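Hi everyone, thanks for coming.

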Amino acid sequence: MGEYGEKETCGTICLKYLLFTFNFFFWLAGGAVMAVGIWTLVEKSDYISLLSSSTYAATAYILVIAGVIVMVTGILGCCATFKERRNLLRTYFILLLCIFLLEILAGILAYIYYQQLSTELKQNLKDTMTMKYQQSGQEKVTNAVDKLQQEFKCCGSGNSSDWSGSDWIKSPDAEDRVVPDSCCKTVTPKCGVREHPSNIYKTEGGCIAKLENFIQAHLKIIGAVGLGIAFVQLFGMIFTCCLYKSLKAEHY
């Protein structure tokens, strides 16, 4: 029995169960959205430090926030549906609209950054690697560079010769290395003293191409998740409006 105690029509009952079913899957989708955002921030956070723009991280944060709101909203939607409280349905609709806008924003940011990524990496990655690697206070960048070169089997932003102009290689701390040890196919102490294809990675395109492909793949996932869930929410907003109007008609 709802807020007003009137006899429910068949249409109202159908709408209630449709909206309840939607909320159940919507709640699960919220967990998936939040998981994608957290995964991006936690598992891929090292590479975020190599990017001059914060857009990549911003899209992930938006997904985390949207995911949390989705899960809370799903519970509210179930309560609003079965208690038949129009004030709760109004609140639920507003939250759905806010989440819809957040996810559209995440999708748009992911698309825009996808288009700009190649230019940003070409302009900034070399300077980041050569000027910040092994420098005081730049431990995150150093770890990210070492992980990048080992994980993607590359050396330097464009090629291994990029390291010849780095601040660290020019310093006594390099101990005669010509590239960092993380460039080596088999990492051992001071293996970076020998710049030979049998010893270090000579990947075509260097780390720029590898990192660009990697981030673009994840931007596609972020964009698809954000826009996909936003599309599904349209049905939730339609069901909510229909149920609200049905309850209002029954009351009057």
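Before we start, one term: when I say polar contact, I mean a pair of N or O atoms within 3.5 Å, and within protein one of them has to be able to donate a hydrogen and the other to accept it. And please keep in mind that what you see is a predicted model.

Okay, let's begin with Ser182. You'll find Ser182 in the loop between α6, residues 167-170, and α7, residues 206-251. So is Ser182 buried or exposed? Its relative accessible area is 5%, and the cut-off for buried is under 20%, so Ser182 counts as buried. What does the side chain of Ser182 make a polar contact with? That would be the side chain of Asp146, at 2.7 Å. If we skip the neighbours within four places in sequence, Ser182 is in contact with Tyr133, Asp146, Gln149, Gln150 and Val187.

The crossing, where α4 passes α5, is left-handed.

Next up, the nonpolar core. The largest one has 61 residues, and the members that touch the most others are Phe26, Leu50, Tyr56, Leu148, Trp163, Leu211 and Ile215. Which elements give two or more residues to this core? They are α1, α2, α3, α4, α5, α6 and α7. The largest share comes from α4, with twelve residues. Let's zoom in on Leu148: leaving out residues up to four places away in sequence, Leu148 touches Tyr47, Leu50, Lys153, Cys154, Cys207 and Leu211.

Last stop, Gly67, over in helix α3. Here the relative accessible area is 0%, so Gly67 is buried too, going by that under 20% cut-off. Gly67 and Val33 are 34 residues apart in sequence, yet their C-alpha atoms are 5.1 Å apart in space. Not counting residues up to four places away in sequence, Gly67 touches Gly30, Val33 and Met34.

That's it from me, so over to you for questions!

Key:
Residues numbered from 1 in each chain as written. Predicted model: local features only at pLDDT ≥ 70, side-chain atom pairs only at ≥ 80, totals over all residues. Heavy atoms only, no water. Helix = DSSP H or I, 4+ residues; strand = E, 2+ residues; numbered from the N terminus. Buried < 20%, exposed > 50% of the residue type's maximum accessible area, 1.4 Å probe, protein only. Contact = heavy atoms within 4.5 Å. Core = buried A, V, L, I, M, F, W, Y, C linked by side-chain atoms within 4.5 Å. Left-handed = near helix turned anticlockwise from the far one by under 90°.
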